Amino acid sequence: MFTLLTNARVFSPEDLGLCSLLIHADRIVAVEKDISLFDGVNEVIDCRGKWVIPGIIDQHVHLTGGGGGGEAGFASRTPAVKLRDLIQAGITTVVGVLGTDAISRSPKDLYAKMQSLNLEGLRAFMHTGAYAVPSPTITRSIRDDMAFIPAILGVKIALADHRGSYPSFQELLRIVSDIRVASLLAGKKGLLHVHLGNLPEGMSQLIELCDAGIPIHHISPTHVARTEPLFEQAIAFAHRGGHIDVTSGGSRFMPQEQAILHALEAQVPAERITISSDGNGSVPRFNAQGIVEGLSAAPVAGNLNLLPRLIDVGIPVPQAIAMLTANVARSLGISGGVLCAGERADICVLNDDLSLAHLFAAGKPLLRDGECLVTGNFE
């Protein structure tokens with residue numbers, strides 16, 4: 001079956017201008033200025049007035065709801081994410097993580113949810129671990145999780161957060177050593193994916209890891225725009241060659257689009273900036289005594305909602321789109337995030353107001369004219 005998208009403004013994420021895009025099975029066959037109709041084309045979708053971009057890659061989503069939650073008792077545990085919510089957010093590739101609650105949630109739960117999404121049409125990965133050290137794992141070994149489970153890309157921990165376990169520098173070194181050795185064997189990039197809180201030390205231990213000779217590509221900090229001092233550390237980290245991840249739906253010291261613009265003005269290369277949603281993660285509000293005063297959950301659609309704001313502050317469209325797609329793929333060490341012949345057909349079609357019109361994952365239509373065509377079994 002061939003599907004042809006015509007008259008589209010295509011961002012691959014580079015601006016290719018008006019093009020046609022041909023899909024067959026799960027792959028993009030061609031992206032060209034004009035593709036003539038032929039007998040094998042089963043469907044033609046006129047994308048006049050619309051943008052076609054790669055499907056969004058979100059590298060930090062709390063698929064099982066364990067991204068926090070429980071700070072105000074068992075009734076405050078955030079629920080598992082719904083397939084419909086991911087589809088409506090334009091997400092075609094997602095990386096699941098655990099968070100504060102690694103007591104009532106586990107990497108095994110996360111693995112099961114991740115695999116359910118793969119079966120339902122998305123592409124899903126995960127990080128083992130959670131906030132605390134020693135890291136909870138599936139096999140009881142970071143090395144074995146990384147080496148023998150293909151979908152595990154790295155290890156999640158928390159630093160500079162009052163809900164973390166305050167690991168020593170030597171403990172961090174051992175974790176990164178496990179990641180590095182296992183990733184070399186398994187042919188992965190291998191990531192220490194770090195939730196950063198708002199305590200004063202910020203990224204200091206991560207900078208120390210780099211100073212000790214750890215290759216910077218193994219270190220993946222997120223929530224870096226939580227406070228101004230932390231963001232200045234993140235800018236310095238990016239200047240050393242690291243990727244920095246801004247959270248579209250969580251804590252920030254200034255609007256996310258302004259923080260990203262500030263980083264670009266500070267000469268951070270645009271390709272080293274990524275955006276993730278922290279979707280479905282708990283966002284507790286603590287008072288001065290450390291008591292929870294309220295709870296909300298970060299929106300899964302935070303990345304899609306941030307895109308027009310990035311463009312409105314003057315960030316070039318290809319750069320803004322890359323922060324949600326190609327940059328993320330590179331930071332994770334996976335394929336995807338681009339539109340070209342031979343790539344998996346993960347495609348967002350956006351209306352002129354940048355709302356989501358259509359979504360394809362591996363060539364399969366999941367959303368048409370803003371309406372979901374697929375839902376999870378229990379939605």
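Helix 6 and helix 7 cross with a right-handed sense, a crossing being right-handed if the near helix is turned clockwise from the far one by less than a right angle, and left-handed if anticlockwise. The model is predicted: local features need pLDDT of at least 70 and side-chain atom pairs pLDDT 80 or more, whereas totals for chains, interfaces and linings use all residues. Residues are numbered from 1 along each chain, and side-chain values use heavy atoms, without hydrogens and water.

Helices are DSSP runs (H or I, at least four residues), numbered from the N terminus. The axes of helix 6 (residues 228-239) and helix 7 (residues 256-265) lie 11 Å apart at an angle of about 40 degrees. Helix 6 is therefore oblique to helix 7, since angles under 35 degrees count as roughly parallel, over 145 as roughly antiparallel, 65 to 115 as roughly perpendicular and the rest as oblique. Phe231, Glu232 and Ile235 of helix 6 are in contact with Ala259, His262 and Ala263 of helix 7, contact meaning heavy atoms within 4.5 Å.

Gly314 follows helix 8 and has a positive phi, near 100 degrees. In helix 9 (residues 317-324), 6 of the 8 residues are buried, including Val317, Ile321 and Leu324.

The disulfide count, for cysteine sulfur atoms within 2.5 Å, is 0. For Cys47, the nearest cysteine sulfur, that of Cys19, is 12 Å away. Cys47 is buried at 0% relative accessibility, and Cys210 is buried at 10%.

Note on methods: Helix = DSSP H or I, 4+ residues; strand = E, 2+ residues; numbered from the N terminus. Buried < 20%, exposed > 50% of the residue type's maximum accessible area, 1.4 Å probe, protein only. Axes fitted to C-alpha atoms, helices over the stretch in contact; angles between N-to-C directions.
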